[in-house]
Amino acid sequence: MKKILLAGLCLLALLVPALTACNSGGNGSGTPSENTEGLIVIGFSQVGAESDWRLANTKSMRETFTEANGYKLILKDAQGKLENQITAIREFIAQKVDYIVFAPISEEGWEDVLTEARKAGIPVVIVDRMIKTSDDSLYTCWVGSDFHKEGDTAVAWMEATFQDKADLKIVHLQGSIGSSAQIGRTDGLGAGADRNAGWDVIYRATGDFTQVKGKEVMEYVLKQFDRIDVLYCENDNMAFGAMEAMDMAKRTYGINGDTQIISFDATRAGLDATIKGKITYNVECNPLHGPRVEAIIKQLEKGETPDKLAYVEEVAFDAATITQEVIDARMY
């Protein structure tokens, strides 16, 4: 009996390392391996994979924070749920990572978990979206887009383009409610509608930044309204879904159609639709944050103090003037 028990314990001792290795995660996901000596360990919590922009953002982080570059990246996909993201950050704290990087799902709800990160002495870098907190010292710095400026850019184009039109019927497809991108782009349109008495936002609903939801909302809208002058769509993927719905309903859109589409992100697919005249105006939101975050971490490693807020320079694209050379020169 003792021999059987001893044999069983020996077998278990052999199996445990193998099972641990299978569940440790690799290629930038899971938990850190034992072999992190000399590497800077970064825990990155991503919103999800809801759009082409988000995929490009994740790819940029993966390609930057490689072991060859001196890093160990632990990637956690929150799948669009705030509670998953908070859990991931707590796991990073427990794992004693060197830096926590995250793209917030919403602006609210971060006080407790970021207080825990500060007590653990782990610097926090926020990317893409911003948070609201009573204590800005809870995070080290933020890098991303000026979403209010993006909204203002789109609205300025609308004011110039439709200045001779007495009234404008606008459908507004919002992104995920409570995210910084949604708030900034929505505020831009709201301010424009307040300034221009003839602008009528006839319908507004969230498409959650997804193509499927964008199509679903637009199918409903097309049954309610015969005239839509402008579709103000807060990202490319929702615009793609809306275009599918309009194709099925045999509605014309784009530069030569009845409905002018304004979109945001300017992904490669979005700009392909722009050069074809399907999207009339597309405002850039640059997702390549990996190198920017690395620059911040290198400053911190040297004991330097990076800027608290770092806005990314961005441009916009008009279907009437965009060229293929511009698209080909872009990195995403």
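**Start in the loops**

Select Gln79, in the loop that runs between β2 (71-77) and α3. Keep in mind as you look that this is a predicted model. Is Gln79 buried or exposed? Gln79 is exposed, because its relative accessible area of 61% is over the 50% cut-off. Now check the backbone: Gln79 has a positive phi of about 55 degrees, although it isn't a glycine. Why point that out? Most residues other than glycine have a negative phi.

Next, select Lys96, in the loop between α3 and β3 (99-102). Here's another non-glycine residue with a positive phi of about 55 degrees. Lys96 is exposed, with a relative accessible area of 71%.

**Into helix α3**

Now click on Gln85, which sits in helix α3 (residues 82-94). Gln85 is buried, because its relative accessible area of 0% is under the 20% cut-off. What is Gln85 in contact with, leaving aside its neighbours within four places in sequence? Show Ser45, Gln46, Val47, Ala78, Phe102, Ala103, Pro104, Ile105 and Trp110 to see those partners.

**Last stop: two helices crossing**

Colour helix α5 (residues 147-161) and helix α6 (residues 180-195): their axes come within 7 Å and cross at roughly 35 degrees. The crossing of α5 and α6 is right-handed. To see the contact, show side chains on α5, including Phe147, Val155 and Met158, and on α6, including Ile183, Leu189 and Arg195. What kinds of residues make up the contact of α5 with α6? The residues there divide into six nonpolar, six polar and six charged.

How values were computed:
Residues numbered from 1 in each chain as written. Predicted model: local features only at pLDDT ≥ 70, side-chain atom pairs only at ≥ 80, totals over all residues. Heavy atoms only, no water. Helix = DSSP H or I, 4+ residues; strand = E, 2+ residues; numbered from the N terminus. Buried < 20%, exposed > 50% of the residue type's maximum accessible area, 1.4 Å probe, protein only. Contact = heavy atoms within 4.5 Å. Axes fitted to C-alpha atoms, helices over the stretch in contact; angles between N-to-C directions. Left-handed = near helix turned anticlockwise from the far one by under 90°. Nonpolar A, V, L, I, M, F, W, Y, C, P; charged D, E, K, R; others polar.
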